[in-house]
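Please consider the following structure, with its sequence alongside. The paragraphs below lead from a single side chain to the sheet, the core and the helices.

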Amino acid sequence: MNKEQQFSEEFINAFVDDELTPDEKAQAYARLGDDVLLNHQVCELRKVRDLVALAYRNVPAPACHTSAIAAGRKCSTAVAAGLALVVGGLGGWFLHQASHAPDNAAVALALPAAEDPAKVLFHVSEGDPEHLKTVLDEVENLMKFYRQTQQKARVEVITNGGGLSLLMAGISPYAERIQHMQKEYNDLTFVACQNTIERIQQELGLQAKLLPGVVVIDSGVAQIMRRQNQGWAYIQV
């Protein structure tokens, strides 16, 4: 896609509501890596969507819907559920912080130079296997898109909370796929939060052994804030 081409409001709203095809999502992620103003617009729309969802959170749902949701919840592994409980407070604090988008002056200053590679950060904090599969699908589609369009890009997948199960040896349902993606894409990095690792050890009594090639950083929240200050597009999935 031509970088000068503008997405319609309908397209952007469909992206926020997760209604695009994989190819369309890849195009949107690629543009978010280059266009900080678009990234800001998407953040604002997501904030409005989340506020609406929060307002209706306590409205009783029909029984059939409730049972379907409950059944979906049971798909997560016991370890992933434990991780979510251990770091739930941390995740909630981060979501509160992430909802504050930068002002227009800060956004303008963050615009990347034309020769700079696109920089996209995926944040994974949930451990449901189907959700993790969707994350890997979207990351891989984006990497393929950059390769096909011959664009330089750096993509980082940072995990904390329940999302750490994606990168844990003996627990991750997608270990082989992750190792294949690491070999296939040199500019793709998988990152684990040291704070979450320590909490797992302290609260659950588990030794968090990670997959080969995973980078460990001090704090997932701090890393996300650093990357955003460096002009990375932030995608929470």
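Does Asp137 count as buried or partly exposed? With a relative accessibility of 24%, Asp137 counts as partly exposed, since buried means under 20% relative accessible area, exposed over 50%, and partly exposed in between (1.4 Å probe, protein chains only). The model is a predicted one, in which local features need pLDDT of at least 70 and side-chain atom pairs count only at pLDDT 80 or more, while totals for chains, interfaces and linings use all residues. Residues are numbered from 1 along each chain as its sequence is written, and side-chain values use heavy atoms, with hydrogens and water left out.

Asp137 forms a salt bridge with Lys133, the closest N and O atoms being 3.0 Å apart; the term denotes a side-chain nitrogen of Lys or Arg within 4 Å of a carboxyl oxygen of Asp or Glu. Both Asp137 and Lys133 lie in helix α8, four residues apart, about one turn of the helix. Helices (H or I, at least four residues) and strands (E, at least two) are DSSP runs, numbered from the N terminus. Lys133 is partly exposed, at 35% relative accessible area. A further salt bridge joins Glu140 to Arg177, with the closest N and O atoms 2.9 Å apart. This pair links distant parts of the chain, Glu140 being in helix α8 and Arg177 in helix α9, 37 residues apart. Glu140 counts as buried at 13% relative accessibility, whereas Arg177 is partly exposed at 23%. Arg226 forms a salt bridge with Asp218, the closest N and O atoms being 3.0 Å apart. Salt bridges that share partners join Lys133, Asp137, Glu140 and Arg177 into one network.

Helix α9 (residues 175-184) has as its buried residues Ala175, Ile178, Met181 and Gln182. They lie on the same side of α9 because they cover an arc of only 125 degrees around the axis, the arc being that of the directions from the helix axis to the C-beta atoms. The buried residues of α9 pack against α8 (129-148) and β3 (188-193), where contact means heavy atoms within 4.5 Å. Exposed residues Glu176 and Lys183 are carried on the face turned away from the buried side of α9.

The sheet comes next. Five strands form an open sheet in the order β4-β3-β2-β1-β5, with parallel pairing; two strands pair if DSSP finds at least two bridges between them. β4 (215-217) and β5 stand at the edges with a single partner strand each, so one side of each has no neighbour in the sheet. Strand β1 (residues 118-124) pairs with β5 in the parallel sense over four bridges, and the bridge partner of Leu121 in β5 is Tyr234.

The largest nonpolar core has 48 residues, and those with the most contacts inside it are Phe122, Val139, Val155 and Leu188. Such a core is a set of buried Ala, Val, Leu, Ile, Met, Phe, Trp, Tyr and Cys residues joined through side-chain atoms within 4.5 Å. Helix α8 gives the most to this core, with eight residues.

Val237 sits in the segment after β5 (233-236) and is buried, with a relative accessible area of 17%. Not counting residues up to four places away in sequence, Val237 touches Tyr29, Phe122, His123, Val124, His131, Val135 and Glu138. Val237 and Glu126 are 111 residues apart in sequence and 8.6 Å apart in space, C-alpha to C-alpha.
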